Amino acid sequence: MRPKPISRSVICIPLKGPGRSPEDKFIVDSAGTHSRIHWGKVNRPVSRQVFNQIREEMIRYLDGKEIFVFDGFAGADPKYRRKFRIINEKAWQNLFIHDLLIRPDQEELEEFLNPDFTILSVPGYKCDFRRFGIHSEAAIMIDYDAHQAIIAGTAYAGEIKKTVFSIMNYVLPVENNVLPMHCSSNMDPVTGDTAVFFGLSGTGKTTLSADPSRMLIGDDEHGWSRDGVFNIEGGCYAKCIDLKEEEQPEIFHAVKFGAVVENVAVDPHTGAMDFSDRTLTENTRVGYPLDFITNSVAEERGGIPKTVIFLTADSFGVLPPISRLSNEAAMYQFVTGFTAKLAGTERGVKEPQPTFSTLFGEPFMPLKAETYARMLGERLEKYGTKVYLVNTGWSGGPYGMGRRMKLSYTRAMIRAALAGRLEKQEFVHDDLFNLDVPKACPGVPAEILNPRNTWKDKNAYDQQALRLAEMFEKNFQEKYPDMPEEIVTAGPHPEALESKVV
């Protein structure tokens, strides 16, 4: 049986590269930025000379070729927005970033003479990586002082949007005292109560924020200012592997004329898309303007967040499906950023891999972790925002043995948290992971709220849980040796279980 046709007017792009290239990302090391950047395996330095040489060669490569230019904004709040000029070799990539950024009206375009930042994206140019001393033929480089960025040798459109995000993650805290967040956001249409959802790719940010009962502010990148939350983008970039109308109707119906679909198999005879096909990659995607979601917020802004949700896809299958965090525990989990990288989100990832991604977005955060963590802590304290950790990963066993948490249960838990119903339940403290776990939640079987109950072999659960707790502790000790003691002690306590494990 052939899949139901969606539309023949959607641009479908098959790519060689299934995801981002984190080892090909560099920042120009300059006097103006050196002391602020958190240099290391993620933020690799490159000289301005190498940056300029590659950029000049990219421009020469484009000589005589048709190019495509889009001028757009990042930042829905006019007080904090920046003007971006995106220059593309490929027309479909220019359409993609047209969908993903905020589109100026005619009057704004006429005044769009000098952009704040320019990004040059040329997938056809391959770097001579041996000559330049870089990792591969691909290069994603930002020069914050020169207000320039280049993307060479990769056709993955997500690199363009993440380069914009990486730039905003530098300028918003440094110049505006705005906290940039790798999160989605939505709001209650009646009360205006705003929520934000942190998480890496594949944890459910886009899916869970596209809730038909709430208004979508944005699906991936936001700023938290003294006035509230604003979307950095003007569109969405959703995973569409196994996309089904009955499970994700808002995203399903956004796949229409004007959207850009990547790596989805298309029937050459009918034009029907097979969202279950994994031939090219698990990381199938669709990019579309925010207003393709019928219940989106036109202004792309909301109030001060009443609720913060940290999303993690635990491939060990040992974290509770939902737990409440104190402010100190929230700081710990924010800095730690535990999840599993899911298949296809990065090159070489074939199955879930446990990882700790600082701030739930380490590849895109150029400043030191303490900068962002301090800003979040100040806001939680000032506004009394509630914080929950939600595990959208595995239950009843680790990856390969257990099952992925049902989307319907996760939605029910989040809705209960956002409506304040979860706070009416009795909580028990998990001594190992140092979390408060509800004993009941409307619409969710009580037995799954304690993950140990879902495992047949309780000793196997204890061993896996202890293993993960020790990974948390080791990661924090190595990465953040100077964190305040109250944050350190808010994390897992392996000693609470060590004596009990057989």
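**Entry: a cut-off before I start.** I call a residue buried when its relative accessible area is under 20%. Over 50% I call it exposed, and in between partly exposed. I also note that this is a predicted model.

**Entry: helix H2.** I went to helix H2, residues 91–100. Which of its residues are buried? I listed Trp92, Gln93, Asn94, Phe96, Ile97, Asp99 and Leu100. That is seven of the ten residues in H2, so the helix is largely enclosed by the rest of the structure.

**Entry: the whole protein.** I counted 13 helices and 28 strands. The radius of gyration came out at 22 Å. The globule rule gives 23 Å for 502 residues, so I take the protein to be as compact as a globular protein of that length. I then took the spans of the C-alpha trace along the principal axes and got about 70 × 60 × 45 Å.

What share of the residues is buried? I found 59% of the 502 residues. I next looked at contacts with a separation of 6 or more, and 73% of them join residues 24 or more positions apart. The accessible surface totals about 20400 Å². Carbon and sulfur atoms hold 49% of that surface.

**Entry: the cavity.** I searched for cavities of 30 Å³ or more and found one. The largest cavity holds about 90 Å³ of space. Twelve residues line it. Nearest its centre I noted Lys25, Ile140, Glu159, Lys162 and Phe364. Two elements give two or more residues to this lining: strand S7 (139–143) and helix H5 (158–176). H5 has the largest share, with four residues. I sorted the lining by class and got five nonpolar, three polar and four charged residues.

**Entry: a pocket.** I moved on to the second largest pocket. Its volume is about 420 Å³. Its lining has 21 residues. Which of them lie nearest the centre? I wrote down His429, Asp430, Asp431, Asn450 and Arg452.

S27 gives the most, with three residues. By class I got twelve nonpolar, three polar and six charged residues.

**Entry: asparagine 434.** I stayed with S27 and S28, because asparagine 434 lies in the loop between them. Its phi is positive, about 60 degrees, although the residue is not a glycine. Is asparagine 434 buried or exposed? Its relative accessibility is 18%, and the cut-off is under 20%, so I count it as buried.

**Entry: aspartate 242.** I found another positive phi of about 60 degrees at aspartate 242, which is not a glycine either. Aspartate 242 sits in the loop between strand S14 (235–239) and helix H7 (249–254). Its relative accessible area is 27%, so I file it as partly exposed.

**Entry: aspartate 24.** I placed aspartate 24 in the loop between strand S1 (11–13) and strand S2 (25–28). Its relative accessibility is 3%, so I count it as buried. What does aspartate 24 contact beyond its neighbours within four places in sequence? I found His135, Ser136, Ala138, Ala139 and Ile140. Ile140 is also among the residues nearest the centre of the largest cavity. Aspartate 24 and tyrosine 237 are 213 residues apart along the chain, and their C-alpha atoms are 21 Å apart.

**Entry: isoleucine 119.** I located isoleucine 119 in strand S6, residues 117–122. Its relative accessible area is 0%, so I record it as buried. Which residues does isoleucine 119 touch, not counting those up to four places away in sequence? My list reads Phe84, Arg85, Ile86, Ile87, Ala149, Ile151, Ile160, Thr163, Val164 and Ile167.

How values were computed. Residues numbered from 1 in each chain as written. Predicted model: local features only at pLDDT ≥ 70, side-chain atom pairs only at ≥ 80, totals over all residues. Heavy atoms only, no water. 1 Å grid on protein atoms, 1.4 Å probe; cavity = no way out; pocket = protein on both sides within 12 Å on 5 of 7 lines; lining within 4 Å. Points joined across faces, edges and corners; volume = space filled by probe spheres on them. Nonpolar A, V, L, I, M, F, W, Y, C, P; charged D, E, K, R; others polar. Rg over C-alpha atoms; globule rule 2.2 N^0.38 Å. Buried < 20%, exposed > 50% of the residue type's maximum accessible area, 1.4 Å probe, protein only. Contact = heavy atoms within 4.5 Å. Areas by Shrake-Rupley, 256 points an atom, 1.4 Å probe, with all protein chains shown as cover.
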